[in-house]
Amino acid sequence: MTSRWMNAAWPALLALMPLTVQAQEANTVRLLAATCNTCHGTDGRSVGGVPPSLAGRPKAELQQMLLDFKNGKRPATVMHQQARGYTDAQLEQIAGYFAAIKP
């Protein structure tokens with residue numbers, strides 16, 4: 001009886017796996033972006049505009065700024081150190097995360 005149930009359950013479990021992977025990826029990106037909250041505010045909404053809010057800005061713009069900080073093309077006091085701690089792919093994910101948040 002158990003083996004019949006398991007045979008019937010496998011396709012349903014396999015169908016749910018992509019959702020689990022997506023949820024894990026979303027949590028990973030949220031954790032990466034959480035390091036920005038200290039300066040840029042919760043969900044990238046800074047108080048008073050200094051430093052600037054990140055929420056709702058275009059992904060390409062955010063990504064380029066992060067890469068410029070990482071590569072030393074944009075002057076900074078802290079951001080160049082922060083950006084160097086991430087891969088280019090992680091910076092792209094972080095930029096996408098903040099771009100998707102309504103300002």
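The largest pocket holds about 540 Å³ of space. A pocket here is an open set of points on a 1 Å grid over the protein atoms alone, where a 1.4 Å probe fits, with protein on both sides within 12 Å along at least five of seven lines. Its volume is the space filled by probe spheres set on the points, which are joined across faces, edges and corners. The model is predicted, so local features need pLDDT of at least 70 and side-chain atom pairs count only at pLDDT 80 or more, while totals for chains, interfaces and linings use all residues. Residues are numbered from 1 along each chain as its sequence is written, and side-chain values use heavy atoms, without hydrogens or water.

Helices H2 (37-40), H3 (59-70), H4 (79-83) and H5 (88-99) each give two or more residues to the lining. Helices are DSSP runs (H or I, at least four residues), numbered from the N terminus. By class, the lining has 19 nonpolar, 5 polar and 2 charged residues. Nonpolar covers Ala, Val, Leu, Ile, Met, Phe, Trp, Tyr, Cys and Pro; charged covers Asp, Glu, Lys and Arg; the others, Gly among them, are polar.

H3 has 12 residues and reaches 16 Å from first to last C-alpha, close to the 16 Å expected at 1.5 Å a residue. That expected span is 1.5 Å times one less than the number of residues. Its buried residues are Leu 62, Met 65, Leu 66, Leu 67, Asp 68, Phe 69 and Lys 70. Buried means under 20% relative accessible area (1.4 Å probe, protein chains only). These buried residues pack against H4 and H5. Just after H3, Gly 72 takes a positive phi of about 75°.

The largest nonpolar core has 17 residues. Such a core joins buried Ala, Val, Leu, Ile, Met, Phe, Trp, Tyr and Cys residues through side-chain atoms within 4.5 Å. Leu 62, Ile 94, Tyr 97 and Phe 98 touch the most other members. Helix H1 (2-34), H3 and H5 each supply at least two residues. H5 gives the most, with 5 residues. Beyond its neighbours within four places in sequence, Leu 62 is in contact (heavy atoms within 4.5 Å) with Leu 54, Arg 57, Ala 95, Phe 98 and Ala 99.

Ile 101 lies in the segment after H5. Ile 101 is buried, at 13% relative accessible area. Not counting residues up to four places away in sequence, Ile 101 touches Asp 43, Arg 45, Ala 55 and Gly 56. Ile 101 and Gly 44 are 57 residues apart in sequence and 8.2 Å apart in space, C-alpha to C-alpha.

Definitions and conventions:
On a 1 Å grid over the protein atoms alone, a cavity is a set of points where a 1.4 Å probe fits but cannot get out, and a pocket is an open set with protein on both sides within 12 Å along at least five of seven lines; lining residues have an atom within 4 Å of a point. Buried means under 20% relative accessible area, exposed over 50%, partly exposed in between (1.4 Å probe, protein chains only).
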